[in-house]
Structure formats: C-alpha cells, structure tokens
Amino acid sequence: MYLEKGLIIFERSEGGYYYDQKGKKYIDATSNLLSSNLGHNHPRIIQRVAKQLNQLDSCTLIYSTSKISIEYTHKLLSQIQGTFRHLFFTNSGSEATDTAIKMAKQYYFNKGQLQKNKIISLKGAYHGSTIAATAASGNEYDKRALGEEFSTFIQVKAPNNSNKPLNMTDEAWVDECIREMEDKIKSEQPETIAALLVEPVQLSNGVVVFADRYFQKLRSICDKYNILFMVDEVATGFGRTGTLFAYEEWGVQPDIVLMAKSMTNGLIPMGGVLVTGEIYDNFCGELNSTKEFSHGYTSSGHPLACAAGLATLECIVQESILDRVKEHEMQVFQSLKLLESFPLVQSVQGKGYMLGINFNPNLCTDDEFEWELGGVIEMLLKKKGLIPYYEGEGKVIIAPPLNSTIDQLMEIVEKIEKACRLVEQSLKLKEKSRRG
C-alpha cells in the first residue's frame, strides 16, 4: 500500500542523508522534522546510548530516579540562560504542552486563585496534537471535532507581516497587536488568565518570525497582569536559530519553557518542561496540603533518552554548533531569498536554519486537479533526492542539520531553485478558480 501511494520507504540513514530500499540517496532538508539537528546516526550519540543500554535499560521516574536522568538535568540547566532550576520530563512536544498547561492552571489553583485557568495563545500557532495542545493551536480544521468544551483557550492575533495593513510600519504593527493582546486580557478579566503560550518562531505557519520587541512587550504584559509567560521551544530549541534556545535573544526571562524534538537528536522520544524555582516551590508542601503536581508518564526521563540527550548537548557545545549556524545563516537565507524573483514564490522568511518558502496562494497548475504549487514542488524535490517539509497551503519548510557544510547547504538551495525554474517553465500556471 505504501508503494502504491508513492511514499518513500527509507532503509538507512547517515549524516544528513536518507537512503531508500533501492539505495537512492536523499538529502534530509528537514532534519527529520527538526528533531535530528545533528544529522543521523551521530557516532558519539549512538555510542553513549549503547553504553547506557548495557548499564540501565529502563527506569520509570514515577517511583524512582536514575543517575543518568540527574546527570542530564544538571548538564542542561548549566547551559541555560535564566533562572530555571527544574525540569519535568515528558515523551514529546505535545506532552510538554499539556504538562505546561496543566502546571500553569494548578499553579494558581495552589495559590487559591481558582478562576485563573485560561490560556492565551497566538493565531497561526501550532503547539502539538494532543487535545489540550490542539486547543491551544491555531488550526481550526484540526479542532473541528473537539466541540465547545475548550472555552478556557483564547487566541489573539500576532504581528505576522503577511497580515499587516498596507502603509503600516513594522513597529506600528507590533504596537497594534500588543494593544489587542492587552484589550483581550482586560475583556476576559486578568484574574481569569493563567498563562500566555507563544512560539519564538511559528514554524507551521510558514516560519513566521516576530520582532524581539514584541516578546519583550509580552513579558511586560504578563508581569503587569500576573500571568505566566510560557515559551514553546519544541521546534526552535537546541540551536535551530543559532542560540541554544531562541528566547535567549529577546533579553527577557520566560517562566516556563517547553522542549522536545532535537532534545535527543531525534534518536529516542523525549520532551521536557523547564520551570523556575518559584514555580517548583509552589507545588511543594506537607503531605496533606494537596499541592503536589499529580502528573507523570511511565517512560518519561527514560535512561536511554537521557543518555542521548546528554550526548547531544555535549556535541552541540564541543562541536561549536551554535557558532556554525551563526556563521552561515545569512548566506543561506540570502540565497533562498533570491527565489522571490520567481512569480510562483510569494516570500521567503525565517531565522537560523529554519526557513520557509511561501508559494503564491493564487497560482496553481493548469490541469483538472489544480495542484497547489507547494505540493508540486515537494513531489519534484523528492524525485530529485531532497526531502522538504511540506506544511500545506503553499508552505514548504527547509530546516537542514545544524552541522551541515556550506556546500551541503548550497546544494539544497540549488535543488530548490532548479525545481522552481522547472515548474515555471514546464507547467502552465493559472489563477486558482473561485469555487463557491
């Protein structure tokens, strides 16, 4: 059935490449959906996991702990900027979102502020696929079957420049979105808002990047109205934007940070939620205080995942990965930006090694099916041996491994440029028909 659908069946991987059953080589231009930031089968990570497997293969943290989970936590906290003191392990980004939401609600419950249980997020956001994570996300299609029971989730527009009014400056656009955020908090009543949840970069919305100033103002609003500031770094974490976490560039401190994906270089599922000491202390008390955070997963903090996480973090530091991203990010971005000269490309945007090519939504192929351009480019690139991240609605995302050479990065750019040229020259494009 997979072959009938035309899906590729991979047999092995190495470095920045996949190989299918016939031995064909594919560039992994998505880093395995942004989870394998150091490429595939990194020898140091594989060796560390193999060693751990022979020492302690599994150990639930529900009623015990492990030396490797403690070692990894200390190592991670030592590398992080800010006042974070504790890490709650999960198995995925979606679980990290649910955990953070539950934590924020109970944080105020423990303080006796029982009405403070609403979560604000941004339109265009994606926070995961579990029910609470979906409710906090911006895709109404994904939420169509959930019903109306998630009335405590509120969304507010963000300063996405594709929605900016004509003749408005970027600074004025940020100010307008900040005013709307504060107006929404006031209309909902601040005493009912527990947390604001944001992504540093909206990956699934075409890699939308907001100004640092926007997040600085959000921090001020959260302080003003006693709201927890939660940052979803599931996609941006562990070097994707050129710093270990993207929030480090804002000059502000979040209260909670969500992480996953490349935490273990994609080798073993793992996620986590970072919290400050003040938040952690709020869940501590006498046995009969009922303050405990009654929450957990059987396999979270798995010894093999922690071993992979520790090795991944060591490689990021010792191989100067962040410096490499900073060194080449502008060259890669400017090279992709040249694609805007094609009529079929609407915009190229992004940060670090996290780039979005947004194709003209008003154009499609001139045939019975009216194929959307992003989908056509994706299929063509796969045939040419490159795996992009096609998000739908004209959005193609490029997120190569952070340890890629400049030659490998330029090869990705070249293949995309050739695909755009081929589509433009070989296919008849037309304005999409307007169906009632």
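Guide: This is a predicted model. From H11, the residues in the contact are Leu373, Val376, Ile377, Leu380 and Leu381. H12 supplies Lys415, Ile416, Ala419, Cys420, Leu422 and Val423. By class, this contact of H11 with H12 holds 10 nonpolar residues, no polar ones and one charged.

Helix H9 (residues 303-318) packs against helix H2 (residues 43-53) at an angle of about 150°, and the two axes are 8 Å apart. With an angle over 145 degrees counting as roughly antiparallel, H2 and H9 are therefore placed in that class. H2 passes H9 in a right-handed crossing. On the H2 side the contact involves Arg44, Ile45, Arg48, Val49, Gln52 and Leu53. These meet Pro303, Leu304, Ala307, Ala308, Leu310, Ala311, Thr312, Glu314, Cys315 and Gln318 of H9. The contact of H2 with H9 divides into 10 nonpolar, three polar and three charged residues.

H9 also packs against helix H3 (residues 67-79): the axes of H3 and H9 cross at roughly 30° and come within 9 Å. H3 and H9 are therefore roughly parallel to each other, and the crossing of H3 and H9 is left-handed. H3 contributes Ile68, Ser69, Glu71, Tyr72, Lys75, Leu76 and Gln79 to this contact. The H9 residues that they meet are Pro303, Cys306, Ala307, Gly309, Leu310, Leu313, Glu314 and Val317. Sorted by class, the contact of H3 with H9 has nine nonpolar, three polar and three charged residues.

Next comes the nonpolar interior. In soluble globular proteins, nonpolar side chains tend to be buried together. The largest nonpolar core in this model has 92 residues, and those with the most contacts inside it are Tyr72, Met181, Tyr214, Phe229 and Phe238. H9 gives the most to this core, with 10 residues. Tyrosine 72 touches Cys306, Gly309, Leu310 and Leu313, among others. Further partners of tyrosine 72 include Leu87, Phe89, Phe238, Met263 and Met270, with residues up to four places away in sequence not counted. A second, separate core has 26 residues, including Leu228, Ile256, Leu258 and Ile279.

Aspartate 255 lies in the loop between strand S10 (228-232) and strand S11 (256-259). Its relative accessibility is 15%, so aspartate 255 counts as buried. Setting aside residues up to four places away in sequence, aspartate 255 touches Phe84, Arg219, Ile227, Leu228, Phe229, Leu274, Val275, Thr276 and Ile279. The C-alpha atom of aspartate 255 is separated by 35 Å from that of glycine 15, which is 240 residues away along the chain.

Two other loop residues are buried. Threonine 192, in the loop between helix H6 (170-188) and strand S7 (193-198), is buried at a relative accessible area of 7%. Apart from neighbours within four places in sequence, threonine 192 is in contact with Gln115, Lys116, Asn117 and Lys118. Serine 137 sits in the loop between helix H5 (131-136) and strand S6 (153-156), and is buried at a relative accessible area of 3%. With neighbours within four places in sequence left out, serine 137 is in contact with Ala125, Tyr126, His127, Gly128, Lys143 and Gln155. Serine 137 and valine 198 are 9.9 Å apart, C-alpha to C-alpha, and 61 residues apart in sequence.

Backbone geometry supplies the last two items. Most residues other than glycine have a negative phi. Asparagine 41, however, has a positive phi near 55°; asparagine 41 is in the loop between helix H1 (31-34) and H2 and is partly exposed, with a relative accessible area of 46%. Threonine 290 also has a positive phi, of about 60°, and lies in the loop between helix H8 (277-281) and H9. At 60% relative accessibility, threonine 290 counts as exposed.

Key:
Residues are numbered from 1 along each chain as its sequence is written. This is a predicted model: local features need pLDDT of at least 70, side-chain atom pairs count only at pLDDT 80 or more; totals for chains, interfaces and linings use all residues. Side-chain values use heavy atoms; hydrogens and water are left out. Axes are lines fitted to C-alpha atoms, for helices over the stretch in contact, and angles run from 0 to 180 degrees between N-to-C directions. Helices (H or I, at least four residues) and strands (E, at least two) are DSSP runs, numbered from the N terminus. Angles under 35 degrees count as roughly parallel, over 145 as roughly antiparallel, 65 to 115 as roughly perpendicular and the rest as oblique. A crossing is left-handed if the near helix is turned anticlockwise from the far one by less than a right angle, and right-handed if clockwise. Contact means heavy atoms within 4.5 Å. Ala, Val, Leu, Ile, Met, Phe, Trp, Tyr, Cys and Pro count as nonpolar, Asp, Glu, Lys and Arg as charged, and the others, Gly among them, as polar. A nonpolar core is a set of buried Ala, Val, Leu, Ile, Met, Phe, Trp, Tyr and Cys residues joined through side-chain atoms within 4.5 Å. Buried means under 20% relative accessible area, exposed over 50%, partly exposed in between (1.4 Å probe, protein chains only).
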